[in-house]
Each structure stands twice: as C-alpha cells, then as structure tokens.
Amino acid sequence: MAFVLVFLILLLLAIGVPVGFALWLSGLVFVLVSGATSLTQVAQSVYSSLDSFVLLAVPFFILAGNIMLRSGFATYLFAFMQSLVGGISGGASIGATGASAIFGAMTGSSVASAAALGRTMIPTMEALGYPRSYTAGLMAAGGTLGILIPPSVAMVIFAELSQQSVKSLFLAGVVPGLISAVAIGVVAFSISFRHGYGKRTEPFSLGAVWRTFVKAGPALGMPAIVLGGIYLGYTTPTEAAALSVVYGLFVGMCVYRTIGFRDLPGIFLDSARGTGSILFILSGALFVGMLATLVGIPQSIVELIAASDLSPIGFLLLANVMLIALGCFLDGFTLLTVVAPLLLPSVAALGINPIHFAIVLVLNIEIAAVTPPIGLNLFVITGISGTTMKEVAIGVAPFVLALVCVLLLLTFIPYLSLLLL
Amino acid sequence: MMLNRISSVLAKAEDGLAVLCLAGVFLLVTYDMTSRTFWGVSLPWSEEFSRVLLIMLVYFSAIGLTRRNEHIRVEFIVGLFGQSAQKRFALLADLLCLAFALSATWLGVVFVKESIRFNLSFAHSNLPFPVWVAQLIVPVGFALISLRLVLRLLGARQAEQLRSEG
C-alpha cells in the first residue's frame, strides 16, 4: 500500500502536476483505495493543516523580504561592504559575500536575497571588471545564505513539520551560516585574485566607510531588532517577523523614501502569492505525512536502516547523497516538505539531534537552489543578469563545491550546529 | 466577452482578498504585540483569528496562482519531451488538478455542513461567528480554483480550434 502512495506522488510530479495538487491528489486517491482514513478527515486536513500560529511567520518574512527588495536595502549594504574592502584587488567579491550574509540575516528567503542582491551587485561588479558569469554565479550562491542565516522560512517550515523550537533552529543556523559565507567569500576572492578580476577599485578611506555606514545603518539595524527580539525573549518568531515588516516599512517609506503607499498593494500581493505557493505545498505535505505515518512508511524506513546497520554519520551521508541528487530536480521546499517527514523518525531512532539534521537538510536545500537543471536561484539570476542559464550554472559551480565541503564539515561535526544552543 | 469580464472582476476580487487577508493578519499581530508590550493587554481572539486569516490568505493566493499558472511544479521531466507532448501533459495535469479541486469542493461542502449540524464554535476564543464561516474557505476556495482550471481548459481548446481553422 505504501508503494502506491509513493508511486502516485512521483508519477504526478513527473507529468507536471503542481506539487501541492500532486500531494493532495495522491493522498485522496490513496484514501479512496486503502481506506486508511475517512474522507471527512481529508476535508478536515484541508482546513486544519495550516491552522498554526508559527506558520504566520512565513508570510511576514516573505513580506519583509519583498519590502527590502523594493526599498533598495541591498544597494546601501553593498556600498558599505565595498567601502570596507576598498583598495583590495578583487575585494568587491568579499564585499558582495558580506552583503549577502547580512542580507541573509534580514530576510528568510534565498530567492528574495538573490533577487535583491543580484539587481544591485551584478551591474556594479560588471562595471568594476568582473565577468558576468562569475558575478551571476556568486550572487546565486550568496542568495542561498538567506535560508541558513536566521531568520529562515525553511526553518519555520521544518519547525512545523518536526515540532522543534523555531528559536533553537534559528540559533543553530548562525554558525553554519557564517561558515558558508566564509567558504563562499574565500572561493570568490581566490577566483578573482587568480584571474585578476576587479583590479579597478576605489582606494580605502575612513570617510567613505563612515558615509556608507550612515546610509546603511538603518538597514543594518534590521537583524539586530529582529534576531535580538527573539533571542532576548521579547518576541516570538512570528512577532519578530511582523516586527521586521514594521521596521522595513518604516525604513523604506520614511528613511530611504524609496517606496510609497502606492507600492504597498503590489508588495503585499507578491508576498501573498509567495506565501500561497509555499504553504499550499506544505498543507499537502502534512496530509501525505499523516497518511505515510498511518500506513507505516517512516517506520519501514527506520526498520530498513536498522537492518542495514547504518551509523548516524552513514545515514546522514546517505541522506546527503539522496538530497543532492533529488535537489537537482526538485525545488527546495518540495524537498523539505516531502522528504523531511519521511526521514525524521529514522533521525530520532539513530539518536541524531533533530536540530543538527535540520541544519544538514537546510544546507542541502541551499545546494538544491543552485544546482541545475532546477535551481530557483539560477532562474532568478538568469532573469536578472540577462545571461544564459548555462553561464550562471558555470559561474556557480565553484561555489556549489564550496557548499558541499561545508555540508560535509557540518555533517561530521554536529558541534558546529549545536554550538549556540 | 461576458466571460472575460466576469473573469477579470473575479481576478481583482481574488487578489484583493489575498492582499486584505495579509494586511489584516499583519495589522492584527502587530496591534496585539504592541498592546501587550505597552499596556499589558492582549486581544483574546487575535491568535485564533490570525490563523483563520492565514488559511484564507493561502486559499485566495492559491486561486490567483492557478489563474496565472504559477504553482510550483517539477518541469524537468516534461521538458524532455517535444512541444506537442508537453501540451498534452499540461492538459492532463490541468484535468487532474480539476478532479482534485472538484472533489475538495464537495468534501468542503460536507465538512461545512457537519460543522453547522454540530453547531461547532472556536475552541480557544470568543470569536463572534461560528467555525463554519471560516471553514467556508475550503469549498469556496476550491470551487474558484475549479472555475479557473475550467476557464484555462476552455481557453486552450479555443486556441487549438483557432489554430486548426487558420
């Protein structure tokens, strides 16, 4: 019976049925065939699967990301980071990576990060002599930091799927996020240095650092307010997400004056659509997850793993191989919502800390966002940079290798993920 | 012509309601947070109503996504086939989505009827309306998704007919 459910999902996904519908339809057909639960339960799930206060953080983080995208936060951040590395040949690569990391601490979505940063940085870096393929690859990879460095929409979804604390997940993402940023920065600088990219650069001056800092200051205040509120216990993650929207609106409308009331309906509509596309899939995934548990699929996986005598590290390595392979064809949220519920019981059975597993999973989702042929960040950057998907994919390849190395490091050393807990 | 006008009015209503739900939930959570922080008072119904608005937001957005054909899907495998096969896959995918949306509409009606029959109310708050009012989003949402899918299928058929005639 379990085979029928998995086969149906894969078949429907393969023929191009939207992911949310594929999950719901497979679940419905499975209920009709197996009688695993009642039809009333299906209707109940359609409504109640999204009945969660934690999930409210998702639309707010998406909304905050869109406000920052339209308000030009990335422009001021990049100018500030550039001023810090002034006079260093290839320094803009480091500046761009730093801006990506800071933007990651402001938004919870890798697509919003890639779009905001790419629009600003690709033309600027091109003017400084960086080839477009390289810059596009760097921006696609830098954008992925948006979902590992807290806040993170992916972690909110994982928290809902696994009933873990959002705060703990956010804390756990800090060190791995910084390691990923350093890895991307080192690779970017090495490539620039080796090929002599970005030799034209403004000399370092404290005056420029101060001027750009004053401009970027309001944007830099965002991570402090949002993350500080959560970690100091003043706000729940959902309230912190709402606060990030309030702060983003204030800075965009009153400080930078780059958005006005007329822009708000468009920003809200884009955010509503972003929310709908993610949470509609999540609702289907929660329903299928419930069915899978009813017919014992996760338990069968646990038994299979127990029979194969896999160690926790062996399991995580196997999961990495599977997730990287699937990530080439599935987008990150499908990967997260479909695969995570199946693996979580095995994670518990093997004694792996679920927070550590979450970090490994999110890194895999990061990699999925930049691996062809289906990589959301690749699509976003291709659209923004006016280059081909192939060029972006070539540009991003060294950064994918760097992220895989970080993935292995974090897989083998759980301490790095659990350091701040 | 008439169908196009109705479709356009409906589209504006769907998008408008999605925006209103998002704005509403944002204002409610922000107001509650501010009120609790500064005055130590919290609205007893804000959390439950926020969750209701979130569910409505997702379904109104899902209707818009269906209209614009923007739901996330796996396109890689279908992309390996030729143009004509891709069109057939798209048609099949739309028909399967329609089958589910119609089933969910029917299940939603049954679900709401049950709620009315048992006179269910919200468990944790004193929201001034019964649960079935919020649950109506399931049949209404999926009925509108079905309508969007039917319109797309009809549009595809018309385009096919025009091509074969011209």
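Two residues are in contact when heavy atoms of one lie within 4.5 Å of heavy atoms of the other. In this predicted model, the contacts of chain B between residues at least 6 apart in sequence include 73% that join residues at least 24 apart. Chain B has 6 helices and 0 strands, so that its elements, read from the N terminus, run α-α-α-α-α-α. The C-alpha trace of chain B spans about 70 × 40 × 35 Å along its principal axes, and its radius of gyration is 20 Å, whereas a compact globule of 166 residues would have a value near 15 Å. Of the 166 residues in chain B, 42% count as buried, while carbon and sulfur atoms hold 66% of its accessible surface of about 9,200 Å².

The largest nonpolar core has 195 residues, and those with the most contacts inside it are A:I157, A:L279, A:L336 and B:F142. Helix α14 of chain A (residues 264–295) supplies the largest share of this core, with 15 residues. When neighbours within four places in sequence are left aside, A:L336 is in contact with several residues, among them A:A154, A:I157, A:F158, A:L161 and A:P341.

Within helix α1 of chain A lies A:V4, which is partly exposed, with a relative accessible area of 30%.

How values were computed: Residues numbered from 1 in each chain as written. Chains lettered and ligands numbered in written order. Predicted model: local features only at pLDDT ≥ 70, side-chain atom pairs only at ≥ 80, totals over all residues. Heavy atoms only, no water. Helix = DSSP H or I, 4+ residues; strand = E, 2+ residues; numbered from the N terminus. Buried < 20%, exposed > 50% of the residue type's maximum accessible area, 1.4 Å probe, protein only. Core = buried A, V, L, I, M, F, W, Y, C linked by side-chain atoms within 4.5 Å. Rg over C-alpha atoms; globule rule 2.2 N^0.38 Å. Areas by Shrake-Rupley, 256 points an atom, 1.4 Å probe, with all protein chains shown as cover.
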